[in-house]
Amino acid sequence: MGIITFLQRALLPHTGGTLGPEVRHIVLAQGLQFNNSDMPGFCQLPDALSAGATARNYWKSYPWCPQTLYNRPALALDIKSSTQFEYLSTAQNVRYIVERVLTKNRFKQALETPDVHVIYAGHARYGRGPCFGTNNAPGEDWENGTRPNVTGLFRMGFPYIGIPGHEVSEHEYTVDLVSADVKLEAKYCEPQLAQHLSNLKALTLDEIDKIRQANAVSRAAVKAPHLFSGHKPLGGWGGLAKHKDPKKTYWIYNSYESGVNEIHLVIHAGWQNTASKPMDLDATKIDCRVFCHFGCSTYVHNQRVVRKFKGWEKNGDAGFAYFTTDLSHGFLSVYWLYHLFTYDKPNQLWEPSLSYAFKKTNADLSADKEVFRII
Amino acid sequence: MQGSANVVVGDRHIKRAEKPNDIVEPAPPRAPPPSLPTQAVAKSFIALELICTKGKPIANARYQMTLSDRTRLTGSLNAQGVTRVEGIDPGTCQIEFPDFAAEEWGATPRPGGGQEHIAKRGDCLASIAADYGFADWHTIWDSPHNTRLRQRRKDPAVLHPGDCVYIPGRESEPVMRPTGQSHRFVLRRAEIRLCIRLKLGTSCRYILSIAGTEHTGQVDDNGLIDFPIPLDAKEGKLLVYPKRSRDLGEAYEHEPLSYDLALGHLDPVEEVTGVQARLNNLGFRCGVADGELGPRTQAALHAFQKSAGLRATGELNEPTREALRQQHDVG
C-alpha cells in the first residue's frame, strides 16, 4: 500500500497538494572522547561520511584505521553548518537531518521528542550513563558536571557500579563512595560489580588511598604516566571523596582493568533521584523513536535499566534501542549513519532501514576485526 | 447527413438530425379546424448547438424540444454538439437540456426544488456538483442560499464534514427560440485539474492512474504534475521513480514511491486535521490526522517551523498556518 495522501480537491483553477520526502531528525549527541574535537579525522562527522579532506588524509596516512568506508562512494551530504548536515535518500524518500549536539540538556530534549532518532556516542562512564564535555574538561565534567545542565553525566545506570581506582586519579572528580554499611544486592548492581559481591572488602579512605597510590604507580609504568602525576587522595582536605569521614569504611574489590589488577571503588550511580537530577533517566519521558547508545559495553551497563527498569519498550515501529557489546569506538556512528542513509528501498516504516543498518554495521565491524558489535 | 431519417408524425414529415433513437411524441389531438380553405404552410427547421465556454462542442448531450404544435421531441446532440430538425411548422420552440442545471446553459432557474446536503469526509464542491448532476460547482457555490457557507469556508475546494451545502434546483423556466434559425447555447462547465507538486529534491518519472486513465511523464525537481480530471474522481494512485542521488549514479530508482491519492479528503488549514494532513504530505510526519495537537504533531510543527524559518515553538499559530498553506496548497 502506498502512502495515504489527502489532497485538496481540484478547483481554483487547479489544486491538489505538495508532496515532499519524509523528514527524519537524527540527533547525534557526542559525549566525552567521541566528539569531533576528541577524535581522529576518520571518525569526525560529517567529514567521514562525505569523505572530506580530513578523513581522506587520515585514511591515507594511517592504514591501520578502519578502511571499510574509504573504499565506498562518498555521500553527497548537504552540510548546513558545523553542527548540522542533511542527506536526501531518493530511494527511501527520506530527508535525514542530522544535528550534532554536545550538551546534556540537548540530549535530554532529543530523548523526549517524538520521532527523533537519538545517537549517543561517547564515554559510557563505566555504566553511569552518557557524559558531556571534552577530553580535557575539568574533572567534575566526568561526573556531575561543572555546569550541571550542560556538562557531565546524564545518569542511566544501575544504582551501584564499580570503577577502577585510576579512573578517579586520571580525571579527578568528586566520587560518591558506597559505605560498607550498605548491603548490596545483585539486582541493584551493575552486572560487572555483581560478579564481585562475594569478595568485597570494607576499607577506610586512608587504606583505599594507599592501595590506589600503589596501583597508580604500577599502572603508570605500563600505561600513561602523565595521567597520574597529580594523583589526589580520596580522604582528607582536598580529597576527592564526597564524604570524608576517616572512621567510616567503604566497599572496594580487586579486578582486572585493561590487563592490570587494581582496586575498584564501589560508587553510587543510578537512574532515579540521582545527583544529576533532572538530568537522569527517571526524570526524562522517553518519546524518541530510536535510541542508539554507542558508548562502550552499553548492553551490559544500561540495557536493563532502559528497557526493564525504566520500562521503555519497543512498540510497533517505534521504541528501537541499540547497544554495544564491548569497548566501542567513535567510528561506530559513522558506519551506522552510512548504512542507514544508503538503504535503497522506499521506507515508510523505520524498521527495515534500521535492520539493514544494524546488519551492515555489524558486518563492517566483523570485517574490521573489531571485538564489539551492536545488539 | 449520417444517421438522419425522415419520420412521419401524423400528416407531417419531420426530418430530424442524427440519432435513430430520437423520440417524437405527437402533439395532443386538436379540435378539427373550422372549415377554412386548405393552405400549404411552408415548413421550417431549428438547429441547436451546445458548446462550452472555451468553444468546444458538448457532445451527446440530451435535449428536449416542444414544437409550436406542442409536439415533444427528445434526442441527443451529435459528436459536434449539434442537432438540426427540419420539416417543422414555423413558430417558436421550447428548448431544454436536461443533463444540465438551468443556469449552466443560460436558462433561468425555476424557483424551488432545492435541497440541503451535509458534507462528509472527502466531499468538496466539485464532487458534490458531480453527484447532483451539475457541470459547474459555481452553480452551487454562488447560490444565495450558500452565503453563510462562503463566509465560513473561503476556499470552495475545501469543505469540512458537517458543512451544510444548499443544492439549487436544476430545472429551468421555458427557453423559447424561433424556428428557421440556428441557436447556440454556451454551457458553463468548470474544468477540473489535478495538480501535484513533487518536491522530492530530484527529478522524477511518474505514473498517475486516475479515473481509469493512466498518465506518464517526467518532472524536474520542482515539477508539477498537472492533468484534467473528471469532476467526480475521488481517488488515484501515483507511482514516482525519483532520480538517484548523484553519489549513487545517474539512474532512476527501480522501486517506485507509491502514493494513494484521496482527493478531497484534505480538511481546511483552519482545522487541526487539515494542518496534520498538510504536515504529513510535506514530509513532517505526525501520524493519522486525528485532530489532536499531541506531542507528535507538536514535534512535526516544531520541525516544520524550523524549516520554514519561523519561530520554532511547536505551537499552532497563524503564521504557521499561512506557511503551510503557501508551501502545500497549489493553485
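Colleague: Let's start with Y87(A): is it buried or exposed?

Modeller: This is a predicted model, so everything here is computed from predicted coordinates. Buried means under 20% relative accessible area. Y87(A) has 1% relative accessibility, so it counts as buried. F341(A) also comes out as buried, at 1%.

Colleague: How do I read a pair of rings, then? What is the arrangement of Y87(A) and F341(A)?

Modeller: A pair of aromatic rings is described by the distance of the centres and the angle of the planes. The structure holds 19 aromatic pairs over all chains. For Y87(A) and F341(A), the centres are 5.1 Å apart and the planes meet at 10°, so we call the pair stacked. Planes under 30 degrees apart count as stacked. The pair also ties distant parts of the chain together: Y87(A) belongs to strand β5 and F341(A) to helix α8, 254 residues apart.

Colleague: Which rings link up into a cluster?

Modeller: Look for F107(A), Y120(A), F132(A), F154(A) and F291(A), which ring pairs join into a cluster. F107(A) is also one of the buried residues of helix α3, residues 104-111 of chain A.

Colleague: Good link! Which other residues of α3(A) are buried, and where do they sit around the helix?

Modeller: Besides F107(A), the buried ones are K104(A), K108(A), A110(A) and L111(A). Looking down the axis of α3(A), you'd find the buried residues within an arc of 160°, so they line one face of the helix. They pack against several strands of chain A, including β3, β6 and β14.

Colleague: And what covers the buried residues of α7(A)?

Modeller: The cover includes α5, β14 and β15 of chain A. Among the buried residues of α7(A), which runs over 298-309, are H301(A), V305(A) and V306(A). After α7(A) comes G311(A), with a positive phi near 80°.

Colleague: Which residue has a positive phi although it is not a glycine?

Modeller: N93(A) is a case, with a phi of about 60°. You'll find N93(A) in the loop between β5 and β6 of chain A, and at a relative accessible area of 4% it is buried. N60(B) is in the loop between β4 and β5 of chain B, and with a relative accessible area of 44% it is partly exposed.

Colleague: What about the peptide bonds? Where is there a cis one?

Modeller: Check the bond between L45(A) and P46(A), which is cis with omega about 10°. P46(A) is in the loop between β3 and α1 of chain A. K277(A) and P278(A) are joined by a cis bond too, with omega about 10°, and P278(A) sits in the loop between β13 and β14.

Colleague: Back to chain B. Which side chains make polar contacts with D329(B)?

Modeller: R278(B) does, at 3.0 Å, and H328(B) does, at 2.7 Å. D329(B) follows α6 of chain B, and its relative accessibility is 17%, so it counts as buried.

Colleague: Last one: which charged residue lies over the face of F45(B)?

Modeller: That's R84(B), 3.9 Å from the ring centre.

Notes. Residues are numbered from 1 along each chain as its sequence is written. Chains are lettered from A and ligands numbered from 1 in the order in which they are written. This is a predicted model: local features need pLDDT of at least 70, side-chain atom pairs count only at pLDDT 80 or more; totals for chains, interfaces and linings use all residues. Side-chain values use heavy atoms; hydrogens and water are left out. Buried means under 20% relative accessible area, exposed over 50%, partly exposed in between (1.4 Å probe, protein chains only). Helices (H or I, at least four residues) and strands (E, at least two) are DSSP runs, numbered from the N terminus. The arc is that of the directions from the helix axis to the C-beta atoms. Contact means heavy atoms within 4.5 Å. Rings of Phe, Tyr and Trp (its six-membered ring) pair if their centres lie within 6.5 Å; planes under 30 degrees apart count as stacked, over 60 as edge-to-face and the rest as tilted. A charge sits over a ring if NZ of Lys or CZ of Arg is within 6 Å of the ring centre and within 35 degrees of the ring normal. A polar contact is a pair of N or O atoms within 3.5 Å; within protein, one must be able to donate a hydrogen and the other to accept it, and residues adjacent in sequence count only if both atoms are side-chain atoms.
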